[in-house]
Amino acid sequence: MTPSKVLLLQGPASPLWSELGATFEARGALVRKIHLAPSDALFWRRPEAVSYRGSLARWPARLEALIARDGITDILCYADRLPFHAAAAEVAARLGVRFHVVENGYFRPDWITLERGGMGVRSHFPNDPDVVREGARGLPDPDFTIRYHHRFHVLAVHEVAQSLLDFFARPLYPGYRSERYYNTIHEYLSWVPRALVVPRLRKATKAVARWDAETRYWLFAMQLQADFQIRADSHWGHLSNLLETVIGSFAESAALDERLVIKLHPHDNMMERWDRVAAKIAARHGVADRVFTVVGGDLRGLILRSRGVLLVNSTVGIHVLRAGRPLAVLGAAVYNMPGLAHAGPLDTFWRAPVTPDPDLVDAFLRLLGATIQIKGDFYDPAGRAAAVAEIADRVLAGRVNQPGGYVDPPPRLAAFLAARPDGRDT
C-alpha cells in the first residue's frame, strides 16, 4: 500500500495538531504543515512546516503546486469555513484529494468531530431516515460517560494567546485574513462590562426555574454571532434577523398563555446585548411580557420542561433529541431530517409540535457516534492522546465517515444554496 501523504493546515489552539503530525509520521505517512497565520507556529513543535504569507487569491495555485509536488493524499484542517480552508476544500475536490475537517464534537464535552468533505450544510452525513436506520444497524451506542476534563481557563489561555498573536503579529503574514467577527481587543475588553450584565440575566434564569409545572414555554437556544454557522451557513447572517423571525412567529402563532425563553450562548461576549435586542423586538410585536432572556442555568431542565426547542445548528439539538422533546431547526444541521425535527414552516411548530421518533433518534446517535465523532479532547492530555490515535487510524485507513456515514453529494447543500437570496456558496 502506498503511504499516505498528509497536509495539515490550521489546527485548534492546542498541541493536538503537533501530536497528530508526530503520530502520522510514526505510522509511516509523509507529513507537511503550512502555517497560514502567526499563531500557527505557537502550537506546532515539529520541523515539517512552511509558511504561506501570500494573498487568498494566489493561495489555490500555491496549494495545487504543493499537492502536485508532494503527492498529497489527505488534507486536514480545523474549521472548514475559514477563507483559506474553504478555498483548500475546493482545490481538494477538484484534484481528488481527501479533505477532512476537525471540530468540537456534537457529543460534547469530551468528543471531537472528524468529517470528510465539510461540516454543516457541506456535511456528507445522510439526512434520509431510512439510510440512517440502515447505516446504524449493528453499531454500538455512543459512550456518553465523561472521561476527559479540562478547566475553562486552559481553553481561554490557549485561545487568547492565539488571537492576540494573530492580531499583533499580522504584518508577518500580510495576506492572512483572521475572519474574526469582532475586533480582538474590543472583544476581550467587552468581558468587563459583561460581568455587570450577567448577574441581572441570572436573576431571570432563576425566575424561570421557579415557574410551576403549569407554565407553558418554548426554548430558543442562541448561538454566537461569530459562529460561521450563523454568518455563512444560515440565511439570516445576523442574530438580530434570527430573533426577528423567531419572536415574530411566536407572537403570530403561539398560544396566548405561552412564553418564549431565549437562552444566550454561555460564551457570548454581550457586545451586542441580545437581551435588549430581543426586548425591543418583543415590544414591537406586542409580546414584551411573554419573552424572557436568560443566561446559564440547567440546560437539561429547561429542555425537559419546555413545549419544544428552536435553534439553528447547535449541539443543543443533540440534548433535545436525547430528551425526546420537539425540535425546530432553522438551519442545515445534521439532525434536521424527518422524524427528528419539525418538517413544516416555523409558524406551524408552535401549533403542532411533534416529538422525535425514539427509534430514529437511537439510530441517528449510533451512526453519528460511530462515523464522525471521536472520543477525545483538545486540551486534556489523555483526551488528546485518544483523539490523535483515532484520527490517525481513520485517516490512514480511509475510514473517515465510515461505515455508512457518507453520501455524495452533500445532501443539504443544494437546498441551502437554492434558498439563498444570491444562490451562491460562501
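# Briefing on a predicted model

Pro109 lies in the loop between β5 and β6; helices (H or I, at least four residues) and strands (E, at least two) are DSSP runs, numbered from the N terminus. A cis peptide bond joins Arg108 to Pro109, with omega at about 20°. The model is predicted: local features need pLDDT of at least 70, side-chain atom pairs count only at pLDDT 80 or more, and totals for chains, interfaces and linings use all residues. Residues are numbered from 1 along each chain as its sequence is written, and side-chain values use heavy atoms, with hydrogens and water left out.

**Backbone details**

- Another cis peptide bond joins Asp408 and Pro409, where omega is about 5°. Pro409 lies in the loop between α15 and α16 (413-419).
- Asn401 also lies in the loop between α15 and α16. Asn401 is not a glycine, yet has a positive phi of about 70°. With 0% relative accessibility, Asn401 counts as buried; buried means under 20% relative accessible area, exposed over 50%, and partly exposed in between (1.4 Å probe, protein chains only).
- Arg273 has a positive phi of about 45° and is likewise not a glycine. Arg273 is placed in the loop between β8 (258-263) and α10 (274-284). Its relative accessibility of 15% makes Arg273 count as buried.

**Helix α3**

- Helix α3 (residues 83-95) has 13 residues and should span 18 Å at 1.5 Å a residue; its end C-alpha atoms are 19 Å apart, which agrees. The expected span of a helix is 1.5 Å times one less than its number of residues.
- The buried residues of α3 are Pro83, Phe84, His85, Ala86, Ala87, Ala88, Ala89, Val91 and Ala92.
- These buried residues pack against α2 (59-70), β4 (74-78) and β5 (98-104); contact means heavy atoms within 4.5 Å.

**Arg394**

- Arg394 is found in helix α15 (residues 381-397). Arg394 is buried, with a relative accessible area of 6%.
- A polar atom of the Arg394 side chain lies 3.1 Å from the backbone oxygen of Thr371. A polar contact is a pair of N or O atoms within 3.5 Å; within protein, one must be able to donate a hydrogen and the other to accept it, and residues adjacent in sequence count only if both atoms are side-chain atoms.
- Not counting residues up to four places away in sequence, Arg394 touches several residues, among them Leu114, Gly369, Thr371, Gln373 and Val400.

**Aromatic rings**

- The whole structure holds 15 aromatic pairs. Rings of Phe, Tyr and Trp (its six-membered ring) pair if their centres lie within 6.5 Å; planes under 30 degrees apart count as stacked, over 60 as edge-to-face and the rest as tilted.
- Phe107 and Phe144 form an edge-to-face pair, at 5.1 Å centre to centre and 65° between the planes. The pair links distant parts of the chain, 37 residues apart: Phe107 is in the loop between β5 and β6 (111-116), and Phe144 is in the loop between α4 (129-136) and α5 (152-168).
- Phe107 is buried, with a relative accessible area of 2%, whereas Phe144 is partly exposed at 29%.
- Trp218 and Phe349 form a tilted pair, 5.2 Å centre to centre with 55° between the planes. Trp218 lies in strand β7 (residues 216-221) and Phe349 in helix α13 (residues 346-349), so the pair ties together parts that are 131 residues apart in sequence.
- Trp218 and Phe349 are both buried. Ring pairs link Trp218, Phe250, Phe349 and Trp350 into a cluster.

**Charges over rings**

- Arg322 lies over the face of Phe144, 3.7 Å from the ring centre. A charge sits over a ring if NZ of Lys or CZ of Arg is within 6 Å of the ring centre and within 35 degrees of the ring normal.
- Arg231 lies over the face of Phe228, at 4.3 Å from the ring centre.

**Nonpolar cores**

- The largest nonpolar core has 64 residues, and those with the most contacts inside it are Trp59, Ile75, Tyr335, Phe364 and Leu368. A nonpolar core is a set of buried Ala, Val, Leu, Ile, Met, Phe, Trp, Tyr and Cys residues joined through side-chain atoms within 4.5 Å.
- Helix α14 (residues 358-371) gives the most to this core, with seven residues.
- A second, separate core of 33 residues includes Ile247, Ala254, Phe349 and Trp350.
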